[in-house]
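Colleague: Hi! Could you walk me through this one? I'm new to looking at structures.

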Amino acid sequence: MHFLSEVTKVAKFQQKRRRGDVTAVANEANYSISHTSNVLNGRRNNSTITSTAYRLANRRLTNEQLVARLSA
């Protein structure tokens, strides 16, 4: 079975990140907002946080796709 790397998960999350997502991920993963922000900005490593963030944003449109849909 093929798993995504931590870097890939963070990159996918960053493409689809919305306001309030860091807080939502921190609450769901039971970590502080500061630590969660550090992990999602690549300063720390934590597989629980990256997996939670990836699951949160996985099925969303990217920001570019969302803007294109709203302006069409």
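Colleague: Which residues of H2 are buried?

Modeller: Good place to begin! Keep in mind that this is a predicted model. In H2, the buried residues are Asp-21, Val-22, Val-25, Ala-26 and Ala-29.

Colleague: And where do those sit when you look down the axis of H2?

Modeller: They fall within an arc of 135° in that view, so the buried residues line one face of the helix.

Colleague: What do the buried residues of H2 pack against?

Modeller: Their partners are helix H1 (6-16), H3 and helix H4 (47-57).

Colleague: Is the crossing left-handed or right-handed?

Modeller: H2 passes H3 in a right-handed crossing.

Colleague: Which residues meet there?

Modeller: From H2 you have Val-22, Thr-23, Val-25 and Ala-26, and from H3 they meet Ile-33, Thr-36, Ser-37 and Leu-40. Sorted by class, this contact has five nonpolar residues, three polar ones and no charged ones. Val-22, Val-25 and Ala-26 are also among the buried residues of H2.

Colleague: Now H3 and H4. At what angle do their axes cross?

Modeller: Roughly 80°, and the axes come within 10 Å. H3 and H4 are therefore roughly perpendicular to each other.

Colleague: And which residues of H3 and H4 meet?

Modeller: His-35, Thr-36, Val-39 and Leu-40 in H3 meet Ile-49, Thr-50 and Ala-53 in H4. That contact divides into four nonpolar residues, three polar ones and no charged ones.

Colleague: Zooming out, how many helices and strands does the chain have?

Modeller: Five helices and zero strands. Reading along the sequence gives the pattern α-α-α-α-α. The C-alpha trace spans about 40 × 30 × 20 Å along its principal axes.

Colleague: What share of the chain is buried?

Modeller: Buried residues make up 29% of the 72 residues.

Colleague: Last one: among contacts between residues at least 6 apart in sequence, what share joins residues at least 24 apart?

Modeller: For those contacts, the share is 58%.

Notes. Residues numbered from 1 in each chain as written. Predicted model: local features only at pLDDT ≥ 70, side-chain atom pairs only at ≥ 80, totals over all residues. Heavy atoms only, no water. Left-handed = near helix turned anticlockwise from the far one by under 90°. Helix = DSSP H or I, 4+ residues; strand = E, 2+ residues; numbered from the N terminus. Contact = heavy atoms within 4.5 Å. Nonpolar A, V, L, I, M, F, W, Y, C, P; charged D, E, K, R; others polar. Buried < 20%, exposed > 50% of the residue type's maximum accessible area, 1.4 Å probe, protein only. Arc of directions from axis to C-beta. Axes fitted to C-alpha atoms, helices over the stretch in contact; angles between N-to-C directions. Parallel < 35°, antiparallel > 145°, perpendicular 65-115°, else oblique.
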